[in-house]
Amino acid sequence: MSAPLWPAPVAPGPVEATVRLPGSKSVTNRALLLAALADGPGTVRRALRSRDADLMVAALRSLGAELTPSDDGPSGVDWHVVPGPVRGGASIDVGLAGTVMRFVPPVAALADGEVAFDGDPHARKRPMGPILAALRSLGAEVTGDALPFTIRGPITGGEVTLDASASSQLVSGLLLAAGRYPKGVTVRHNGPPVPSMPHIEMTVQMLRAAGVAVDDSEPDVWKVEPGPISARDLTVEPDLSNAAPFLAAAMVTGGGVTIPGWPEETTQGGDALRELLPRMGATVARTSEGLRVTGGGRLEGIDADLRDVGELTPTIAALAALAGSPSRLRGIAHLRGHETDRLAALATEINGLGGDVTETDDGLAITPRPLRAGVFHTYADHRMATAGAVIGLAVPGVRVEDIATTAKTLPEFALMWARMLGEGH
Ligand SMILES: O=C(O)C1=C[C@@H](OP(=O)(O)O)[C@@H](O)[C@H](O)C1
Ligand SMILES: C=C(OP(=O)(O)O)C(=O)O
């Protein structure tokens, strides 16, 4: 049976809304993992509730940690985490979550029994080879080079060289658990540039905040000293990448959207929206209520290197398709290994509505054309679904396939979108 179609609402006028976003997927899943490996009980507050976060919770529980929820509500959930000895024997479902498939195997390598991993059909196509080879060379027994695979520890740690050009998560995964390896770890990247560097910075900062010594002074080399991971009480920031479609709505409709709780300083790549959106015609201001983006002028095309912030591409591409001048998005060849091949998916779906998008070696060339009604397929990709919603604000008759796929990181998306459109009218 094909997935249901969601009639994307056309904006009734300029959007005027305040949108409260739940916690960052990237911070939530790192915080839960570090809490499960810590030297005592800890708390992760305002954690995201979503499919990716639920998969992380289930994985950590099956490896021996106790996670108990409280204050489970719209602004997130507080998790009380009690670490336990990492135990083997588990079968772990990673879904389509990069953070689970790359971050949990290095934890499983701490157990002295076998742990099996599998995920969604498309997860089996996502790049895993370099991290599995690295775990093997650090002392674990690993079957396979992609999902499904098994791991048997215990790992010793040490030095390893890998090509992380396919995903920053290949590095982050090796660093997160490494304090617990007898020899720690030194990871060297050798290959084309690593994408999404702010996410590695996030990993390093969160490790340091938990008392783990990390040396990242040499480019493309990260050294984690062996030592305890301190238990903490941590509050998760709002998910700035998930702010993107809502801020885009302000631009497409010539309205204004405010996101409360936008951090003053952050390692989240989504913070780059403050710089990218003005280049497409938005005005960005910090107000007493949060970060406010207003549209109203011309929506401009952009020539941008998105290597550091590839997650933002589907929203930027949707804006570019509606803009008044062409765009060139670069540095994002690695998006071919995301939830789906995002370069192919964006080109196919925008062109299916009458657009003009060409794939380049490392990105997309987008020439705006008048768009028409049609089905926007999403390939189980939450960010394809939200990109379809952005286009639908301005193009009557866009139907987005499987809007429920937004549950990967934002289960309330459709409700929040309707609320945003209803506010101020
Ligand atoms: O570490 C993380 O939390 C993430 C790293 C990035 O992955 P890639 O480096 O594979 O792009 C990003 O796109 C993903 O959504 C989340
Ligand atoms: C690439 C993404 O996710 P993942 O963590 O599954 O890699 C994303 O959320 O855009």
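User: What makes a residue buried, partly exposed or exposed?
Analyst: A residue is buried if 20 or more other C-beta atoms lie within 10 Å of its own, exposed if 12 or fewer, and partly exposed in between, with C-beta atoms placed from the backbone. This is a predicted model: local features need pLDDT of at least 70, side-chain atom pairs count only at pLDDT 80 or more, and totals for chains, interfaces and linings use all residues. Residues are numbered from 1 along each chain as its sequence is written, while chains are lettered from A and ligands numbered from 1 in the order in which they are written.

User: Why is serine 167 called buried?
Analyst: Serine 167 has 25 other C-beta atoms within 10 Å. The cut-off is 20 or more. Serine 167 is therefore buried.

User: Which residues does serine 167 touch?
Analyst: Contact means C-beta atoms, placed from the backbone, within 7 Å. Beyond four places in sequence, serine 167 touches Gly98, Arg102, Pro127, Pro195, His334 and Gly337.

User: What makes glutamate 311 buried?
Analyst: Glutamate 311 has 28 other C-beta atoms within 10 Å, so it is buried. Its contacts beyond four places in sequence are Ser241, Gly269 and Arg383.

User: How do you know that the "binding site" feature includes Ser167 and Glu311?
Analyst: An unreviewed UniProt entry places it at residues including Ser167 and Glu311. Such annotations may be inferred rather than shown by experiment; positions use the numbering here, and feature names are shortened.

User: What does leucine 135 touch?
Analyst: Not counting residues up to four places away in sequence, leucine 135 touches Pro105, Pro106, Ala109, Ala140, Val142, Ile151 and Ile155.

Note on methods. Contact = placed C-beta atoms within 7 Å.
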